[in-house]
Amino acid sequence: GAIIELDIKSLEPRLYLSLVKNTSVEDAYTYLLKNVLGYNHGEIDRKQIKLAFISLLYGASTNKIKSITRLNEQDIKKIKDFLDVRSFEQKIVNDYNANGYFENAYGRRITSINAPINYYIQSTAADYACIIYEALLSKLSSNGIDLIATIHDAVILDCQKDKIDEVMSVKSFNEEILNITSYFNVERHS
C-alpha cells in the first residue's frame, strides 16, 4: 500500500476570499498575483504573495510585510485595499459589542475579541476541514483506506495497493454547508 497526504490548498485565505469577498478560487495566492496585482505567473515569488496575504489577514503593518516579503509598498497597498480586512474586523467587533460574542461562518460562538479576524478564520477553517474530510472519507471506499492522522488542514491515509489510484485522483471536493470547494495537494509519502 501507500501513505498518502491530502492537504487543502491555501485554506484560510481561500475561506476569507469566499466568505468575505464572495470570490471562489482554486489558489488564493495566484488570484492575488494575477487579478489584484496584475502580474503574470513567476513575476513575483508565490511565497511573497502568501506571506503578504496571511500577514495582512492577521494584522501586520505595511512596514512589517515589506520587510518579510520584499514587496513594494504599492503592491502591498493593492492587496490591503482589495482584502479590506479592517472593514470585516469592524463587522466582527460590532457583532461582539452587540451580543457579547460573534459567530464563525458555521454559527459557532466565539466569546473573545482579542484577535477577531484570527479567531473567525481559524475557527471556521477548523470546522471546515473537519466537515470536508468527514464527507470526503465517507465517499471514498471504506475498505482499504484508513485514516492515520489529521493535521489541521490535512489528512494522512494508509491505502491498500488497490485504493492508491482512487485517493491519488482526489483533486477537489465541495463542502455543502458553506458551498465552498476545497482543492487538494495530494502527496504520496510511501
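**Exercise 1. Work out which residues of helix α3 are buried, and what they pack against.**

Start with the burial cut-off: buried means under 20% relative accessible area, exposed over 50%, and partly exposed in between, with a 1.4 Å probe and protein chains only. On that basis, the buried set in α3 is Q48, I49, A52, F53, S55, L56 and L57. One thing to keep in mind when you look at the spacing: an α-helix has 3.6 residues a turn, so residues three or four places apart point the same way.

Next, look for partners, taking contact as heavy atoms within 4.5 Å. The buried residues of α3 pack against α1 (11-20), α2 (28-36), α4 (62-69), α5 (73-83), α6 (85-99) and α7 (116-139). Helices (H or I, at least four residues) and strands (E, at least two) are DSSP runs, numbered from the N terminus.

A word on the source: this is a predicted model, where local features need pLDDT of at least 70 and side-chain atom pairs count only at pLDDT 80 or more, while totals for chains, interfaces and linings use all residues. Residues are numbered from 1 along each chain as its sequence is written, and side-chain values use heavy atoms, with hydrogens and water left out.

**Exercise 2. Check the span of α3 and look at what sits at its ends.**

First the span: the expected value is 1.5 Å times one less than the number of residues. For the twelve residues of α3 (residues 46-57) that should give 16 Å, and the end C-alpha atoms are 16 Å apart, so the two agree.

Now the N-terminal end, which D45 caps: a side-chain oxygen lies 3.0 Å from the backbone nitrogen of K47. (A polar contact is a pair of N or O atoms within 3.5 Å; within protein, one must be able to donate a hydrogen and the other to accept it, and residues adjacent in sequence count only if both atoms are side-chain atoms.) After the helix comes G59, with a positive phi near 95°.

**Exercise 3. Find where L71 sits and what it touches.**

L71 is in the loop between α4 and α5. At 4% relative accessibility, it counts as buried. Skipping residues up to four places away in sequence, L71 touches I44, Q48, A52, K66, I76 and I79.

**Exercise 4. Describe how α2 packs on α5.**

Axes are lines fitted to C-alpha atoms, for helices over the stretch in contact, and angles run from 0 to 180 degrees between N-to-C directions. Here the axes are 11 Å apart and the angle is about 110°. That makes α2 roughly perpendicular to α5; the classes are under 35 degrees for roughly parallel, over 145 for roughly antiparallel, 65 to 115 for roughly perpendicular, and oblique for the rest. Y31, L32 and V36 of α2 meet K78, I79 and F82 of α5.
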